[in-house]
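This report walks through selected features of one model.

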Amino acid sequence: MDPKLYLEKVYGGLIGKCAGVRLGAPVEPTIWTYERIRETYGEITGYIKDYKNFAADDDINGPLFFIRTLIDHPGPVTPLNVGRAWLNYTREGIGFYWWGGYGRSTEHTAYLNLKDGIDAPESGSIKINGETIAEQIGGQIFIDSWGWVIPDNPGEAARHAAMAASVGHDRNGIYGAKFIAACISLAFSDMDISRIIDRALTEIPPESEYARVVKAVRDYHSFSPDDWRGARQFLEVNFGYDRYGGVCHIIPNAGVCALALYYGNGDFSRTIEIATMCGWDTDCNAGNTGAILGVLAGPRGIPERYRRPINDWHAASSISGALNNINLPSASRELAVLGLRLKGESVPEEWLDGCFSDDIVLDFSLPGATAGIRTSSSYLAPISPGRDFYSDGGLVILLDRLVRGDTARIFYKPFYQREDFDDERYKPTFTPTAFPGQQFLIKGRVSRISGQRIALAPYVADAKTKKIIQGEYIFPDDKDDFEFNWVLPGVPFAISETGLLATNFDSEKYLGKIVLDEFSVSGKREFDIQFADESEAFQGLSRCSAVGGYWAVEDGSLHVITRDEFLLFAGPYYTADSEISAELVPEYGESHLLSFRSRGAEYGYFFGLHGGNRVALLKKDGDVAVLSEQDFKWQPGGNYTLEVSAVTSEEGLIITCGINGTGLIKHIDKTPHPYGMAGLGKIKPGRTRFVNLHVREL
């Protein structure tokens, strides 16, 4: 497949998944039933709820984070390694998926099995968990990405999806994973939805209950091809929730997916609308069918009414605040890179710019891509109105009759806060992804329609004070190119917007267009977190993700008490060489640590007070091992500044550790973790006051 077409179809699939989830989420069960949806909304033909920003959802978390096993464990995919992704990227008990209790929530049950040393696939097996838990809907809602990275090869897509699903599911739960992944893989080359379904059915046992419900819907559709509500009644009678145990069994919802695919007849909108109107697990079913139809239709086949509110952006709720700010063109590019690498094919060089990196590199090349660009006013500065939505060669912003003194902000958000959301769905946490001192590059051109001239200047906005700090204005003429290469200035708290100010200083109204061709933020990062400035948000902190123990910001520091483990992460995800320091006060117990090169809960390093009158350098790779330790007299209530330098050399990773300016440990790790977040930690019971955290990339 042509790489450009492949990337576009992956992008279409990801948009389709997000659109389906967003459409179905407001009418999820159990409060919303099929009858209530029909009585309230009738025929659904568009989003039924507006959001400031749609918060995270498990249906997006799973596909975008479990696929990262391909990054963390290069080589053949195994259930064991996908299981490690479950443990690595989730905050236990918070967000990501439904923590409904052991033996009730499939994902919660599988997660605790993994923590208890029951590896995948046993963690999701019927033998361990029983039939009901093993056959809930999660088997198919987290595996779309295996279809996206294995195009036009349904057998391989199904095989990989089965391994991924086996972490939490068994039998029909796995058959659903294989079926949906095969449908997605087939949609890259086959435009006939009935043929796609028939071919996907060959990947699962023909006598299975999953195959039976799909075939039953197929037979009903052939008998009554214009009556989807009749088909829904048929499902209720023959495959309803009353026939299957658990909170959200896969079989009734498999029937809805098949129904929506058949009666949608290859039309993206109609498919996700029917999936939503059918009730039961609405966001899951609309999301899965949207993932299939998005690939089939491509981004141009998804109507603007479903694309514009998404604006190429989605929140996630992993353990990493940096990875939770998801730009859909960039995420699609990373998925396509993984797909080409799986096939052993070369990756276009231009795809790699900003890929698997903390740099912000926005891609406007895909059809209709906005890459998350926003404006301060859809009245003064609408994005790509009308025919400009699919225009080639950059993102168009219309400046619509700005009078003297009017200013429109055109920007990207590198940081989100609780106030940016309407609800608490799945608890997304964020850390800034643009930092003072980095290089902000923006290139484009101006096209004047009427008026005199427009003034442009780069700017940033602070998240807490809302203060705008700007560079100097320029006054490009009609048809002029412009370029800003600006060092991001310091801000009081965190950069929440970076972009352009467009201001009319002249007497005539200004009507014209700005076309953005390039937009990036890159360079080394340095940041400082004073915990006195932090507040609680989404069961984390303003700029940090936290898991484990009990904690609160009191008296200018972060007070933490835990019976077992506490982890906190901040800053960029892909930090390699760096200097890290943290000031803390040990109050009780033997574990008071800073962390670095942490890729999540499973991988990273710790240094600090560890044991009575000891300091230690620790490495976590699932289990925690002591790399080096040293005598050091410390006492509860003392104030200690932990300091670490981690620098790559030909010998390995040189780690130098000290406290209060005195060097204590130097160690060379010859098999180092390649990168990761900075943070704080406790791996034994006790109490600690953490005062600050400082990180500088080298």
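At the start of H17, a side-chain oxygen of Asp 267 comes to within 3.3 Å of the backbone nitrogen of Ser 269. Just after H17, Gly 279 adopts a positive phi of about 75°. Helices (H or I, at least four residues) and strands (E, at least two) are DSSP runs, numbered from the N terminus.

The model is predicted: local features need pLDDT of at least 70, side-chain atom pairs count only at pLDDT 80 or more, and totals for chains, interfaces and linings use all residues. Residues are numbered from 1 along each chain as its sequence is written, and side-chain values use heavy atoms, with hydrogens and water left out.

**How H17 sits in the structure**

Helix H17 covers residues 268-277, and nine of its ten residues are buried, so the rest of the structure largely encloses it. Buried means under 20% relative accessible area, exposed means over 50%, and partly exposed lies in between (1.4 Å probe, protein chains only). The buried residues of H17 are Phe 268, Ser 269, Thr 271, Ile 272, Glu 273, Ile 274, Ala 275, Thr 276 and Met 277.

What do they pack against? The partners are helices H1 (3-24), H2 (34-41), H15 (228-239), H16 (250-264), H18 (282-297) and H19 (304-307).

Glu 273 is a residue of H17. Its relative accessibility is 3%, so Glu 273 counts as buried. The side chains of Glu 273 and Tyr 306 are joined by a polar contact of 2.6 Å. A polar contact is a pair of N or O atoms within 3.5 Å; within protein, one must be able to donate a hydrogen and the other to accept it, and residues adjacent in sequence count only if both atoms are side-chain atoms. Not counting residues up to four places away in sequence, Glu 273 touches Leu 23, Ile 44, Thr 45, Gly 46, Arg 305 and Tyr 306. Contact here means heavy atoms within 4.5 Å.

**H15 against H16**

Two of the helices that H17 packs against are H15 and H16. H15 and H16 pack at an angle of about 160°, with axes 10 Å apart. Axes are lines fitted to C-alpha atoms, for helices over the stretch in contact, and angles run from 0 to 180 degrees between N-to-C directions. H15 and H16 are therefore roughly antiparallel to each other, a term for angles over 145 degrees.

Which residues meet? From H15 come Trp 228, Ala 231, Arg 232, Leu 235 and Phe 239. From H16 come Ile 251, Pro 252, Gly 255, Val 256, Leu 259 and Tyr 263.

**Salt bridges**

The whole structure holds 46 salt bridges. A salt bridge is a side-chain nitrogen of Lys or Arg within 4 Å of a carboxyl oxygen of Asp or Glu. Three of them are tabulated here.

| Glu 304 | Arg 308 | 2.8 Å |

Glu 497 is buried, at 10% relative accessible area, while Arg 409 is partly exposed, at 24%.

Glu 304 is partly exposed at 29% relative accessibility. Arg 308 is also partly exposed, at 31%. Asp 420 and Lys 413 are both buried. Salt bridges that share partners also join Glu 28, Asp 57 and Arg 425 into one network.

Gly 12 lies in helix H1. Its relative accessibility is 0%, and Gly 12 counts as buried. Gly 12 is in contact with Gly 294, Val 295, Gly 298, Pro 299 and Ile 302, leaving aside neighbours within four places in sequence. Gly 12 and Ile 37 are 25 residues apart in sequence and 27 Å apart in space, C-alpha to C-alpha.

Leu 609 belongs to strand S22 (residues 603-610). Leu 609 also counts as buried, at 0% relative accessibility. Beyond neighbours within four places in sequence, its contacts include Leu 584, Pro 586, Phe 632, Trp 634, Tyr 640 and Ile 659. Leu 609 and Ala 322 are 287 residues apart in sequence and 28 Å apart in space, C-alpha to C-alpha.

Conventions: Parallel < 35°, antiparallel > 145°, perpendicular 65-115°, else oblique.
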